[in-house]
Amino acid sequence: MEPILEISNLRKSYADGFEALKDVSLCIEVGEIIALLGPNGAGKTTLISTVCGITTATSGTVTVGGHDILSDYRAARAMIGLVPQEINLEPFEKVINTVRFSRGLFGKPPDEAALERILKQLSLWDKRDNQIRELSGGMKRRVLIAKALSHEPRLLFLDEPTAGVDVELRKDMWDVVNELKADGVTIVLTTHYIEEAEAIADRVGVIAKGELLLVEDKTDLMARMGQKQLDVQLSQTLDAVPAALAKYNLTLCDNNKTLTYSYDTRAERTGITKLLSDVSAAGLVLRDVVTRQSSLEDIFVGMVHDEEKTTQ
């Protein structure tokens, strides 16, 4: 598929020498959902702000739908919708007027049918004549999305879209994102909620200290970097891991009644059969055996921790 967003060697530095973005390159195809994960201050919002023209890069290039964001900024910006972190809406304005105004800012002709479709898609149609101040926090975030979609962009940035939203509304938002994808909208999502990326993203990018550490298919990433753990639950309590089992690098947990063994599912041999045999030979009595797959959160935390250690 053709790329809708191409970022090449993007850098953003400030007068005091701080580098918010360090040589970031990224290509996103039409119809993708990509989640950018990173701790506070990693550069996620700076990256989005640069693509959207809010911040000017120190060097590098960005094109949206083939349009350079500097030399052809009107065409590029017309293709972009942005949902910011902050809820900044006129409290006494009606929902429908707020969305109409945003559409007009992009020079789009009035189209009540298009606005009706957007508001219905976001479950806001029955709130169209309500003032913003009358809405819940979750509904206000939906209004932000409606504003961003009002000019019918093909690339939508969601900067922490479910921050402060309860779990039920968060899952409703995930449904909205999937519906937008079905309509052909490409979505770039920043989030602190690992389960959000795991639930809806096609690819995951990890960014830390202004560097894009990787961008990879979510399933491939978890298969490549995720490990499985085998919890060997025992009938007795141990004081320490038996010396006969030391070669397995086991950890003792669950009040010293569980031995945890980590293994790579891609390895030719997992070593589980031999481990269980040696556990029995050591005179330990098995109560149960449970396997667990590393989550995207485990992978993310591990990567960021490794990056912090290498830069210290």
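How many nonpolar, polar and charged residues does the lining of the largest cavity have? The close-ups below, all drawn from a predicted model, start with that question and then turn to salt bridges.

**Figure 1. The largest cavity and its lining, by class.** Here is the answer: the lining has 8 nonpolar residues, 1 polar residue and 1 charged residue. The structure holds 1 cavity of 30 Å³ or more, and the space in the largest cavity comes to about 40 Å³. Around this space you will find Ile145, Leu158, Pro161, Thr162, Met173, Trp174, Val177, Leu189, Glu196 and Ile200.

**Figure 2. Helices α6 and α7 at the lining of the largest cavity.** Two elements, α6 (167–182) and α7 (194–200), each supply at least two of the lining residues. The largest share belongs to α6, with 3 residues.

**Figure 3. A salt bridge between arginine 11 and glutamate 19.** Let us move on to charged side chains, for which the count comes to 8 salt bridges. In general, side chains of opposite charge can pair when their charged atoms come close. In this view, the side chains of arginine 11 and glutamate 19 meet at 3.2 Å, N to O. Arginine 11 is partly exposed, at 32% relative accessibility. Glutamate 19 is partly exposed too, with a relative accessible area of 32%.

**Figure 4. A salt bridge between glutamate 32 and arginine 203.** The two side chains meet at 2.6 Å, N to O. Glutamate 32 sits in the loop between β2 (19–29) and β3 (33–37), while arginine 203 belongs to strand β9 (residues 203–208), so this pair ties together parts 171 residues apart in sequence. Is glutamate 32 buried or exposed? With a relative accessibility of 11%, glutamate 32 counts as buried, because the cut-off for buried is under 20%.

**Figure 5. Lysine 274 and aspartate 278 in helix α9.** A salt bridge joins lysine 274 to aspartate 278, and their closest N and O atoms are 3.0 Å apart. Both residues lie in helix α9 (residues 272–281); they are 4 residues apart, so about one helical turn separates them. Lysine 274 counts as partly exposed at 44% relative accessibility, whereas aspartate 278 counts as buried at 14%.

**Figure 6. A network of salt bridges.**

Key: Residues numbered from 1 in each chain as written. Predicted model: local features only at pLDDT ≥ 70, side-chain atom pairs only at ≥ 80, totals over all residues. Heavy atoms only, no water. 1 Å grid on protein atoms, 1.4 Å probe; cavity = no way out; pocket = protein on both sides within 12 Å on 5 of 7 lines; lining within 4 Å. Points joined across faces, edges and corners; volume = space filled by probe spheres on them. Nonpolar A, V, L, I, M, F, W, Y, C, P; charged D, E, K, R; others polar. Salt bridge = Lys/Arg side-chain N within 4 Å of Asp/Glu carboxyl O. Buried < 20%, exposed > 50% of the residue type's maximum accessible area, 1.4 Å probe, protein only.
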